[in-house]
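Thanks for coming. Let me put the structure up.

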Amino acid sequence: MADTRRHRPTTVTITGAGGQIGYALMFRIASGGMLGPDRPVRLRLLEIPQGVAGAEGAALELQDCAFPLLTGVDVSTDPAEGFDGCNIALLVGARPRGPGMERADLLAANAGIFGPQGAAINAAAADDVRVVVVGNPANTNALITAASAPDVPADRFTALTRLDHNRALGQLSAALDTPVGEIRDVTIWGNHSASQFPDVTHATVAGRPVHEALAERLGGEAAATAWLDETFIPRVAKRGAEIIQVRGSSSVASAANAAIEHMHDWVLGTADGWTSAAVVSRGEYGVPEGLVSSFPVTAQDGAYRIVEGLSLDPRARARLDASVAELDEERAAVRALGLL
Ligand code: NAX
């Protein structure tokens, strides 16, 4: 049996805990699915008054699971309480785009959530706090959170693009009829939006370049390029809309799974090759400093590091630039509203 006494409990805060993704997250976290079978966790569930009943009900169910790793559950509507001593923050609760809502309205409404949460993290979280923003628009919400927490190092703020990364792996696995575990070094660049760039330039399948394997399967180089441009990239980038159309509801379990993998790797390290995460740019690949953009990353010793020095051909460069331009516009819009 794993010795859980070796570790002090990790305090994990989930915002939007009364919602769908929150519900899909907490049972896996409490059973050791995020940090492993030897790490006890304490959950802090943060909600707004309209959503608090869902979080309270989930807390009762957590008690009924009698998870040996779960040392406590608190439900709160006060960010200062919700982030008290927080080591890991999963910021899921966000304001969805309502009918007729312009992008500036959406950004402003979310700044009203992520600004105060960043300030509460700054004031109340533990020194080693790590934050992943799931709630959309995730990259710019992470930017606002980081800006509101000036005492916390910028590299502790990330946004989730692991779901996009996993979607890309799933599509390649199906197209190449190969297990996901054989595929390495796929990258999601840019924004978690339809402008994102899922890139297989450096990806391999069972040690061979993905492009070569696709060309063999699809009947030539041109067919492989056409499949990537016309099927793969748009399908990955618009997969969220496809799920809504088929399921009648947005991605939930796959989003929770991706957030768990994002945090697992951040704390415990990536294995072979790289993964994708949106992190604060320091100018890598020409992405303006300070933007929260998706990059190829590895994790070691509790830190995500951008994989540098990869070549980008002109077509890839143009796709990355287009997505980064969207991030830049979002930042400019938030600044214009006086919220940054
Ligand atoms: P739900 O509407 O089921 O749940 C959201 C919950 O957040 C609600 O219970 C609400 O009361 C709560 N909330 C709102 N404002 C809050 C605040 N200030 N503090 C605490 N809680 C607050 O949505 P759900 O399906 O769980 O999705 C949550 C977010 O994830 C959405 O913004 C969604 O767009 C985003 N997604 C992001 C993905 C990603 O890959 N980055 C993929 C999945 C998902 O679309």
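**A buried tryptophan and a buried glutamate**

Start with Trp189, which counts as buried because its relative accessibility is 1%, under the 20% cut-off. Keep in mind that this is a predicted model.

Searching the whole structure gives 6 aromatic pairs. One of them joins Trp189 and Tyr285 in an edge-to-face arrangement, with 4.8 Å centre to centre and 75 degrees between the planes. Where do the two residues of the pair sit in the chain? Trp189 is in strand β8, residues 187–189, while Tyr285 is in the loop between β12 (275–280) and β13 (292–300). They are 96 residues apart, so the pair links distant parts of the chain. Tyr285 is also buried, at a relative accessible area of 14%. Phe295 belongs with them: Trp189, Tyr285 and Phe295 make up one aromatic cluster.

Now the charged residue. Glu47 is in the loop between β2 (41–46) and α2 (52–65). Glu47 is buried, and it has no salt bridge. Which side chain of opposite charge is nearest to Glu47? That is Arg95, 12 Å away.

What the Glu47 side chain does reach is backbone. A polar atom of that side chain lies 2.8 Å from the backbone nitrogen of Gly18, and the side chain reaches the backbone nitrogen of Ala17 at 3.5 Å. Setting aside neighbours within four places in sequence, the contacts of Glu47 include Gly16, Ala17, Gly18 and Gly19. Val52, Ala55, Ser76 and Thr77 are also among them.

That is what I have; questions are welcome.

Note on methods
Residues are numbered from 1 along each chain as its sequence is written. This is a predicted model: local features need pLDDT of at least 70, side-chain atom pairs count only at pLDDT 80 or more; totals for chains, interfaces and linings use all residues. Side-chain values use heavy atoms; hydrogens and water are left out. Helices (H or I, at least four residues) and strands (E, at least two) are DSSP runs, numbered from the N terminus. Buried means under 20% relative accessible area, exposed over 50%, partly exposed in between (1.4 Å probe, protein chains only). Lys and Arg count as positive and Asp and Glu as negative; His and the chain ends are not counted. A salt bridge is a side-chain nitrogen of Lys or Arg within 4 Å of a carboxyl oxygen of Asp or Glu. A polar contact is a pair of N or O atoms within 3.5 Å; within protein, one must be able to donate a hydrogen and the other to accept it, and residues adjacent in sequence count only if both atoms are side-chain atoms. Contact means heavy atoms within 4.5 Å. Rings of Phe, Tyr and Trp (its six-membered ring) pair if their centres lie within 6.5 Å; planes under 30 degrees apart count as stacked, over 60 as edge-to-face and the rest as tilted.
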